[in-house]
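Trainee: Could you show me how to read helix packing, sheets and domain contacts from a set of coordinates?
Mentor: Let us take them in turn, with the structure before us.

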Amino acid sequence: NLSEDEMKTRIREIKEQFGAKLFIPGHHYQKDEVVEFADATGDSLQLAQICQANEQAEHIVFCGVHFMAETADMLTTDEQTVYLPDMRAGCSMADMANIEQTERAWTKLQEQFGDTIIPLTYVNSTAAIKAFVGRHGGATVTSSNAHTMVEWAMTQKERILFLPDQHLGRNTAVDLGIALDEMAVWDPIHDRFEYDGDLEKVKVILWKGHCSVHENFTVKNVEWVRETYPNMNIIVHPECPYEVVAASDQNGSTKKIIETIEAAAPGTEWAIGTEMNLVNRLIASHPDKKIISLNPYMCPCLTMNRIDLPHLLWSLESIVANERVNVITVDEETTKQSLLALDRMLQRA
Ligand code: 13P
Ligand code: SF4
């Protein structure tokens, strides 16, 4: 039962002991107490690239969620071990597409459309889904490169299956000029389309998944900000529903939101529609700007928040004791196929 200060001291000691052999990547949505010890922070694309480039670290203690740790394992060598400080740090969106549902959907979509579809998956998906996408000629995307990747996919086939976030898929496709009635939602629970138009017109098939954090931003929140603070700029993450993105001034990935706030002039006002830990950190680090959350009752991402100081320390102590706990390993075949999808993205990202 160490105090917070004692835990922090011990974490510093362990970091010093291991030096460059220990690497702690931290996603922007992590708690401050964890970010304080991160060797690098970033969005999901940046963290994947940073892990891939790191050849020195033997132990990678990933402060983020399960799918990110899986990706780190696949992009690093067999000599490098990836740990997740709390195995319960999952992602509800990634859980909305399992491989059985995806295989079933694919069979039905092939019957409907023949060989005209390329699959894309948001990196917020399991390694099994990334492998599926890789072996069918598709690629992963992140919120920072979704435009590039959807544009690329459109040059490959007539139609795209976009997994698992319908909102990122829809928002990106709209930006690229695809009409809303050229998109159909696939419901993986009932194995059917939610669409009453002519299926032949469909260019993008959106998997019916969402982020339970970003779906909490509403058009009412936007209207409230517009009425209460007429000078506020509203910027939201593209995991928010289309209506919210359309009513806002700007949308962009975690990285783009941070860059926009950093570049903004002093005195400007910003309502941000993304995860609360990040919004609070932006508020604290930009006292010269007025920054609020687009939804004042917003919760942080609860699964991201499962990584805290005690779990981080526990994970580090297990490395000191040479016990291999909470190790994230993706099997060889899944890795091989997933890397096809990840590499198609990383070449263009
Ligand atoms: P990015 O890090 O790609 O912006 O994604 C946000 C997110 O929800 C991570 O889980
Ligand atoms: Fe998943 Fe949303 Fe949390 Fe990101 S913010 S890890 S998409 S639940």
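This is a predicted model: local features need pLDDT of at least 70, side-chain atom pairs count only at pLDDT 80 or more; totals for chains, interfaces and linings use all residues.

Trainee: Which residues of α6 and α14 meet?
Mentor: On the side of α6 the residues are Ala127, Ala128, Lys130, Ala131, Val133, Gly134 and Arg135, and they meet Thr334, Gln337, Ser338, Leu339, Leu340, Ala341 and Leu342 in α14. Sorted by class, the residues of this contact between α6 and α14 comprise eight nonpolar, four polar and two charged.

Trainee: At what angle do the axes of α3 and α4 cross?
Mentor: The axes of α3 and α4 cross at roughly 30° and come within 8 Å. Angles under 35 degrees count as roughly parallel, which is why α3 is taken as roughly parallel to α4. The crossing of α3 and α4 is right-handed, and the contact consists of Ser44, Leu47, Ala48, Cys51 and Gln52 from α3 together with Met68, Thr71, Ala72 and Leu75 from α4. Six residues in the contact of α3 with α4 are nonpolar and three are polar, with no charged residues.

Trainee: Which domains does the domain assignment give for the protein chain?
Mentor: According to the domain assignment, domain 1 is made of 4-90 + 304-332, domain 2 covers 94-211 and domain 3 covers 214-293. The centres of domain 1 and domain 2, taken over C-alpha atoms, are separated by 31 Å, and nine residues of domain 1 are in contact with 10 residues of domain 2. On the side of domain 1 that touches domain 2, the elements giving two or more residues are α3 (44-53) and α4 (66-75), and α4 supplies the largest share, four residues. That side of domain 1 divides into four nonpolar, three polar and two charged residues.

Trainee: How should I approach the sheets?
Mentor: As a general idea, strands of a sheet pair through backbone hydrogen bonds, either parallel or antiparallel. In this model, one open sheet has three strands in the order β1-β4-β5, and the pairing is parallel. Its edge strands, each of which pairs on one side only, are β1 (22-23) and β5 (81-83). Strand β4, at residues 59-61, runs parallel to β5 and is joined to it by three bridges, and the bridge partner of His59 is Thr81 in β5.

Trainee: What is the order of the strands in the open sheet of four strands?
Mentor: The order is β13-β12-β14-β15, with parallel pairing, and the edge strands, pairing on one side only, are β13 (250-251) and β15 (290-293). Strand β12, at residues 233-236, pairs with strand β14, at residues 269-273, in the parallel sense over four bridges, and Ile235 stands opposite Ile272 in β14.

Trainee: Which strands of that sheet does helix α12 touch?
Mentor: Helix α12, at residues 276-285, packs on the sheet and touches β14 and β15, with a direction that makes about 165° with that of β15.

Methods. Residues are numbered from 1 along each chain as its sequence is written. Chains are lettered from A and ligands numbered from 1 in the order in which they are written. Two residues are in contact if their C-beta atoms, placed from the backbone, lie within 7 Å. Ala, Val, Leu, Ile, Met, Phe, Trp, Tyr, Cys and Pro count as nonpolar, Asp, Glu, Lys and Arg as charged, and the others, Gly among them, as polar. Domain bounds come from an automatic or database domain assignment. Two strands pair if DSSP finds at least two bridges between them. Axes are lines fitted to C-alpha atoms, for helices over the stretch in contact, and angles run from 0 to 180 degrees between N-to-C directions. Angles under 35 degrees count as roughly parallel, over 145 as roughly antiparallel, 65 to 115 as roughly perpendicular and the rest as oblique. A crossing is left-handed if the near helix is turned anticlockwise from the far one by less than a right angle, and right-handed if clockwise.
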